Amino acid sequence: METGLGILILLSFVNGAFAIAFIYYAYQIHSVRSQYEDMLMKQTSLQNKQSVENALLREKGHEMEELLRDIQANMEKDSYKNLSKINDKLKALEVITENHAKSHQLTQAFEKKVMENFTNINQWKKKLGEDPTLIRGY
């Protein structure tokens, strides 16, 4: 009878262990399921917020496009004329500046040539003044 009682105690212990394990896993499954459902609700909430924000951004984008069209239309009516006049004046000033730069370069080149010729004349003058054959010839 003692062996029967030992087996009964052992089976009770194993049965208790299974019961505890079953309860623990059932609790874990319930906990994971509730966390998963909370995560799904948060995800749905975020998706709803994002869709609202995307709609607002699209609306703002359309407003910006409309504003740009209005500005462009107004500029075409008014400002392009003024801009073309300003561009013409800028082109004229650019031509004048380029001509002035070319003139300045030519003036510098001319002055350099004059200085070279003046130096050459002074050197010839010295050579001629020092040349005894030239003086005897006269």
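A salt bridge here is a side-chain nitrogen of Lys or Arg within 4 Å of a carboxyl oxygen of Asp or Glu. Keep that cut-off in mind for the second stop. The model on screen is a predicted one.

**Stop 1: the whole chain**

Show the protein chain as a cartoon. Its secondary structure comes to 2 helices and 0 strands. Helix H1 covers residues 2-130. Now switch to a surface view. The chain exposes about 13,400 Å². Carbon and sulfur atoms supply 63% of that area. How many of the 138 residues count as buried? The share is 0%.

**Stop 2: the salt bridge**

Select Arg-69 and Glu-65, and show their side chains. They meet in a salt bridge, at 3.6 Å from N to O.

Arg-69 and Glu-65 are 4 residues apart in helix H1, so about one helical turn separates them. In general, side chains of opposite charge can pair when their charged atoms come close.

Is Arg-69 buried or exposed? Arg-69 counts as exposed, because its relative accessibility is 51% and the cut-off for exposed is over 50%. Glu-65 has 42% and counts as partly exposed.

**Stop 3: a negative patch**

Select Glu-59, Glu-63, Glu-66 and Asp-70. Together these residues form a negative surface patch. Pick out Glu-63, which lies in helix H1. Glu-63 has a relative accessible area of 40%, so it is partly exposed.

**Stop 4: a nonpolar patch**

Next, select Leu-83, Ile-86, Leu-90, Leu-93 and Ile-96. These residues form a nonpolar patch on the surface. Their accessible area together is about 470 Å².

**Stop 5: two tyrosines**

Finish with the rings. The structure holds 1 aromatic pair. Select Tyr-24 and Tyr-25, which form this pair. How are the rings arranged: stacked or edge-to-face? They are edge-to-face, with 70° between the planes. The distance is 5.5 Å centre to centre.

Check the surface once more. Tyr-25 is exposed, with a relative accessible area of 53%. Tyr-24 is partly exposed, at 48%.

Conventions
Residues are numbered from 1 along each chain as its sequence is written. This is a predicted model: local features need pLDDT of at least 70, side-chain atom pairs count only at pLDDT 80 or more; totals for chains, interfaces and linings use all residues. Side-chain values use heavy atoms; hydrogens and water are left out. Patches are made of residues with over 30% relative accessible area and no salt bridge: like charges are joined within 9 Å, nonpolar side chains (Val, Leu, Ile, Met, Phe, Trp, Tyr) within 5 Å. Accessible areas come from the Shrake-Rupley method with a 1.4 Å probe; for residues, only the protein chains shown count as cover. Buried means under 20% relative accessible area, exposed over 50%, partly exposed in between (1.4 Å probe, protein chains only). Lys and Arg count as positive and Asp and Glu as negative; His and the chain ends are not counted. The place of a charge is taken as NZ of Lys, CZ of Arg, CG of Asp or CD of Glu. Rings of Phe, Tyr and Trp (its six-membered ring) pair if their centres lie within 6.5 Å; planes under 30 degrees apart count as stacked, over 60 as edge-to-face and the rest as tilted.
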